[in-house]
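Let's take a walk through this one together. Have a look at the fold, and then we'll go through some helix pairs and the spaces between side chains.

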Amino acid sequence: MAVITADRHISVPEEALRQFGARLFEAAPGLVTWILLLAPAWIPIVFPWPGAFAVAGAVLLFDIYWLIRSISVVRGVYSTLFRMRRDMVRDWYALCVEERATEHRDPLRYIHLAIIPTYTEPYHVLERTVQAIVDANYPDELKMVAIITRDTDQPGWENVARLRAQFGGRLRGFYHVKDALEPGIVIGKSAAMNWGGRWMVRVLTDEGYELDKILVTDLDSDYRVHPQYFAWISWHHARQALRDYMIWQPVPLFHNNIWQVPMAVRVMSASTSQWQMFLHSRPHRLVAFSSYTCSLEFVHRVGYWDKDVIPEDSRFYWKAFFTFGKRFSVKSVYLPLYGDSPKSRDYASTHQSQYDQIKRWAWGITDVPYVLARIFKHPEIPLLLRLRRFSNLFLNHLNWIFLPLFLLFGGSAPIWFSQDFSLTDLGQLMWSVSGVLLSITLSTVLFFMYFEFRILPPKPKEWPLWRKVAVHVQYFAYPVVGLVLSVLPALEAHTRLLLGRYLEYRVTEKT
């Protein structure tokens with residue numbers, strides 16, 4: 001009887017079949033997206049009157065769903081805002097000291113390491129980021145910074161040298177990680193974090209540190225931590241039994257330069273911030289986004305960030321899920337992490353930079369084939385948990401595109417594509433009801449405006465009164481802005497994956 005070994009030769013037909021299966025998984029999300037987008041057109045044509053009726057009914061259901069969801073989002077954003085305002089005024093370092101005094105647990109045994117990948121960022125952006133770390137209300141001897149530059153980036157080297165001279169004396173450690181850009185990588189943040197994570201594990205292990213006592217923050221180069229961030233993390237991390245199986249996710253607010261960017265970019269930054277606030281009210285839907293914290297032991301056991309992907313945060317989340325299963329979780333940090341909105345050299349390039357950033361986020365659709373290829377290979381993880389998390393992933397990316405479009409245009413589609421149905425009383429009634437539901441849904445923007453202005457920095461004093469008033473009205477432009485700067489880049493990402501035209505990483509320009 002022949003024995004089949006693990007390293008047996010794979011035949012050409014087998015390899016072709018594997019590649020076909022992988023490509024089919026990749027194409028599936030984009031194919032589903034376009035089938036759904038074109039449904040209001042092809043269903044009434046294929047099934048004229050009953051098809052138009054079915055589409056109209058489906059659109060009404062979507063409108064009702066979107067109305068309920070909008071109310072749910074309002075409640076979720078308010079819930080997160082309440083928790084943030086509560087936690088922002090507490091002295092978490094004092095609580096860490098009190099906790100240590102009780103001798104039950106010691107939150108101050110943790111050292112915080114911020115790893116900051118950088119490329120082309122100007123010095124003043126990095127300076128503000130490191131300054132916030134140094135000024136954070138946590139002992140200097142328990143904070144470290146590592147900045148990743150490419151090994152050929154001489155201006156980046158000079159920036160790191162200046163930062164070390166300015167801040168190195170106030171930190172336990174200041175490291176310069178030079179990324180060699182290994183062959184086969186997809187150049188971007190994920191590959192840089194892979195190199196930086198492995199480099200730091202090797203160096204800190206040689207220096208005698210315990211990896212589970214190092215809390216590493218994957219920090220974007222323009223993000224500024226809240227003064228209480230490190231103390232908040234330490235206090236809560238020490239109280240968690242499964243602390244080495246979790247990611248701590250703060251609330252990103254893109255407010256650093258909010259008053260210096262164009263209206264459309266400001267609207268997109270506000271909507272992104274508030275969507276993240278909503279997700280913090282739904283723990284089962286929260287995933288790693290942009291910048292987050294976990295133990296270095298966690299990073300090592302997961303296998304670091306992938307070297308060949310663009311969406312570094314979501315892919316790291318899924319690697320952790322398949323590594324740790326039901327023990328793994330993402331926990332909310334009810335403190336803001338302040339980031340920059342895209343701002344480039346001129347008005348047009350600023351909007352292009354915003355478009356590219358959203359497209360890069362939407363490229364997280366590549367997680368769908370990644371998860372599909374693994375979802376049934378982990379029987380140790382409860383099936384319902386695997387399916388629920390996958391459905392959240394897939395539906396979120398689909399909703400990103402087709403729900404807003406159906407909401408705005410779907411009610412009219414059956415009338416456009418079936419003249420007979422449009423002339424019926426039922427067709428007119430459905431169109432009218434859809435319009436009413438849309439109007440009620442859009443009125444929830446008033447609540448989002450209120451929440452946003454509760455957390456925004458003060459408006460520039462030099463602004464005239466008319467301009468200060470006008471910014472309160474600009475959020476009503478979200479339906480149009482969202483179509484151009486959110487739906488279109490997401491649709492491009494889905495279509496690229498469908499056609500096999502893979503995205504290249506572009507640094508979001510911020511000046």
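Start with helices H9 and H12, where H9 passes H12 in a left-handed crossing. Keep in mind as you look that this is a predicted model. H9 covers residues 263-279 and H12 covers residues 347-362; their axes come within 10 Å and cross at roughly 25°. Angles under 35 degrees count as roughly parallel, and H9 and H12 are therefore roughly parallel to each other.

Now turn to H4 (residues 92-102) and H8 (residues 229-238), which pack at an angle of about 35° with their axes 8 Å apart. This crossing of H4 and H8 is left-handed. From H4, the contact takes in Trp92, Tyr93, Leu95, Cys96 and Glu99, while H8 brings Ala231, Trp232, Ser234, Trp235 and His236.

The next pair is H5 (residues 123-135) with H6 (residues 154-167). Their axes come within 11 Å and cross at roughly 30°. Is this crossing of H5 and H6 left-handed or right-handed? The H5 and H6 crossing is right-handed. H5 puts Tyr123, Leu126, Glu127, Val130, Gln131 and Val134 into the contact, and H6 answers with Asn159, Arg162, Leu163, Gln166 and Phe167. In the contact of H5 with H6, 6 residues are nonpolar, 3 are polar and 2 are charged.

How many cavities of 30 Å³ or more does the model hold? The count comes to 1, and the largest cavity has a volume of about 30 Å³. Its lining is made up of Asp179, Leu181, Glu182, Ile185, Ala191, Trp195, Arg198 and Lys307. Helix H7 (residues 189-206) gives the largest share of that lining, with 3 residues. By class, the lining of the largest cavity has 4 nonpolar and 4 charged residues, with no polar ones.

H1 provides the largest share of the lining of the second largest pocket, at 5 residues. As for class, the lining of the second largest pocket has 13 nonpolar, 2 polar and 5 charged residues.

Technical notes: Residues numbered from 1 in each chain as written. Predicted model: local features only at pLDDT ≥ 70, side-chain atom pairs only at ≥ 80, totals over all residues. Heavy atoms only, no water. Axes fitted to C-alpha atoms, helices over the stretch in contact; angles between N-to-C directions. Helix = DSSP H or I, 4+ residues; strand = E, 2+ residues; numbered from the N terminus. Parallel < 35°, antiparallel > 145°, perpendicular 65-115°, else oblique. Left-handed = near helix turned anticlockwise from the far one by under 90°. 1 Å grid on protein atoms, 1.4 Å probe; cavity = no way out; pocket = protein on both sides within 12 Å on 5 of 7 lines; lining within 4 Å. Points joined across faces, edges and corners; volume = space filled by probe spheres on them. Nonpolar A, V, L, I, M, F, W, Y, C, P; charged D, E, K, R; others polar. Contact = heavy atoms within 4.5 Å.
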